[in-house]
Protein chains: 2
Amino acid sequence: MRAVARGFVFAIIFSASTLAQSGRVDLKKPLVIASQGSFFVGGEKKSNTPPPGGRGALLAAGDITVNQMYVQYQIPPRGDRHLPVVMVHGCCLSSKTWETTPDGRMGWDEYFVRRERAVYLADQVSRARSGFDASAINAVKAGAQPASALPNIIAATHQVAWTVFRFGPTYGKTFPDGQFPVEAVDELYKQMIPDLNALLPNPNPTWKNMAALAVQLNGAILMGHSESGFFPQQAALLNPSGIRGMISIEMPCPDLSAEQIATLAKIPTLVMFGDHLGDVQGGPANWAQSLESCNTYVKKVKDAGGDAVMMYLPQMGIKGNSHMLMQDRNSLQLADLIIDWIDRHVERQVKGQTAKGKG
Amino acid sequence: MRAVARGFVFAIIFSASTLAQSGRVDLKKPLVIASQGSFFVGGEKKSNTPPPGGRGALLAAGDITVNQMYVQYQIPPRGDRHLPVVMVHGCCLSSKTWETTPDGRMGWDEYFVRRERAVYLADQVSRARSGFDASAINAVKAGAQPASALPNIIAATHQVAWTVFRFGPTYGKTFPDGQFPVEAVDELYKQMIPDLNALLPNPNPTWKNMAALAVQLNGAILMGHSESGFFPQQAALLNPSGIRGMISIEMPCPDLSAEQIATLAKIPTLVMFGDHLGDVQGGPANWAQSLESCNTYVKKVKDAGGDAVMMYLPQMGIKGNSHMLMQDRNSLQLADLIIDWIDRHVERQVKGQTAKGKG
């Protein structure tokens, strides 16, 4: 097992060092889209009963829809040759995460399409175009609930973002080899929007919706980042049937039961971490500990016979990546690493299964 | 003046009746995009001072960015032959308004691109991917402000949407000639998300950001709907320099001063209203009154020498349109009407100016 893993790491280092020069696609060529659009997954009807003293007819009693997940997609021509990739953003962010980078380069959303993958961007339930359930806030406003019933809304400050996202050791300072385009950090700050996940029921409806989307797509690869880094696994624990691969970028990995690990071990898994995990002074995140917890998770999955890969980038010779590695200067190199992993670990297996099924 | 107006109405009736059959573009053909992406307009740094009793490091004191406007765009090849079109959604909605319709047809966003226009979708400030300023809610949670300081959050119910959007005379009932795809109304309900505009300063930052975007694009046509129907004008009253045309769909028109009318009269204006304005029983909207107020506005602009067109659809022989007319069954016919108006009233003028400037 160890020899295989080491061989794989060598292969990755080799491909990483050659990718930067190669350029897999012509980024300047017009983009051809077979189809695109948006839709919702999930959502339930809820009776909206405004407390006494309601304010105007738009807040009248009636039904509202909550817990729906907004999804935007683009499918390239020949997109059916590969599995679709579902991307879900992290805390205090929206699907903007995957689009044009703060310094104006192409995001992973378009790059994956140019690499012939159908891409689905989901706004987490309670965020951005998915909306949120305002009932708890309205109840406090009307005096039916105390102020303590208001949700904890996370509004990350510039100072917190700088250090949690590892742009440098302290606010305003950079790492000499840092890959994040700090000259455009103000554009990242505009992406940071209030996080209302504290309003959500348990389990988080985003997990169920991600699992349902994978089924709806007749098989998909789920990718999460940070707050949503383990969402592919949470989705798989609810319903693994549509999930063909799980990509988890920079998050703490929870301690799971043997039964849970057995379920997850059936799905190829990639975990990716950037650089400088222990080099930030203070702040609420402990990335070195997160890496350790995910090393344990990867080991458990492997021990259960699963295919799990840890790409700890500095160990592969790729230095200076921040937490927002899909926006870092070498973001497309990292996208290529992920796509190579999909081709080798997910689609080879899927094609094998298909061939077997047909044969 | 009256003869000219009547002639124009006849021309429109003629083109409307032929458009339905003609089909200006092949909707099945792959879509070719010269470039696409997303960015923010505006936004200011604000000091975030959590009240005493703050809850965890993510809510620590520091700076946040507020009032930024998220914009997503697609530019077709040869998109520079036409002015870009900026679309801004209405109350309790996001840019989803302009995308795939509830029953799965192509939205105006893609259709305008296929008709060779660059399209910019903006999420209003305080909504969707633009985020909102959570300070007021956090202050109440911490006890620094009373519950009455919470914003009035508009969460429109299914019942309110059905009647305000004129899907039928009462909830659950339809108009025999109704154009909205009511069989898919549940998908519209998922688009409806809480409206936090009550949090915004005055003037609404969306207006300033729309004006700034038009300047940034070196000239653009602004389109608004319902809550944002008059935003193109509000933007023009702040800074008209980038605004080449204004398209206002279904909203009340305010009473303006002669000076304001003089400013707006310099920019070609289209106002569009659907059908059954007086046929809904009860509800908070009075669409017949809105039409009347906009007829007055259009007349004032014309009297001031401006080019303003009222397309009151039933008067043009186009029946049954709801308030969500960009999602109605005949939505592409209406898009063609708008594009024809742009070609005749905005771009002919712009080209004339350009020719003059060059000659």
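Two strands are said to pair if DSSP finds at least two bridges between them, and strands (E, at least two residues) and helices (H or I, at least four residues) are DSSP runs numbered from the N terminus. In this predicted model, local features need pLDDT of at least 70 and side-chain atom pairs count only at pLDDT 80 or more, whereas totals for chains, interfaces and linings use all residues. Residues are numbered from 1 along each chain as its sequence is written, chains are lettered from A in the order in which they are written, and side-chain values use heavy atoms, without hydrogens and water.

β1(A) pairs with strand β1 (residues 31-33) of chain B in the antiparallel sense, over three bridges, and within this pairing A:Val32 stands opposite B:Val32 in β1(B).

The contact (heavy atoms within 4.5 Å) takes 66 residues from chain A and 66 residues from chain B. The area buried between the two chains, that is, the accessible area (1.4 Å probe) lost on putting them together and summed over both, is about 5,700 Å², and carbon and sulfur atoms give 55% of it. Four salt bridges, each a side-chain nitrogen of Lys or Arg within 4 Å of a carboxyl oxygen of Asp or Glu, are found across the interface of chain A and chain B. A salt bridge joins the side chains of A:Asp123 and B:Arg129 (3.1 Å, N to O).

When superposed by least squares on the C-alpha atoms of residues with pLDDT of at least 70 in both copies, chain A is brought onto chain B by a rotation of 180° with 0.0 Å of shift along its axis (RMSD 0.0 Å), which is the relation of a two-fold axis. In chain A, the C-alpha nearest this axis belongs to A:Ala128, 1.8 Å from it.
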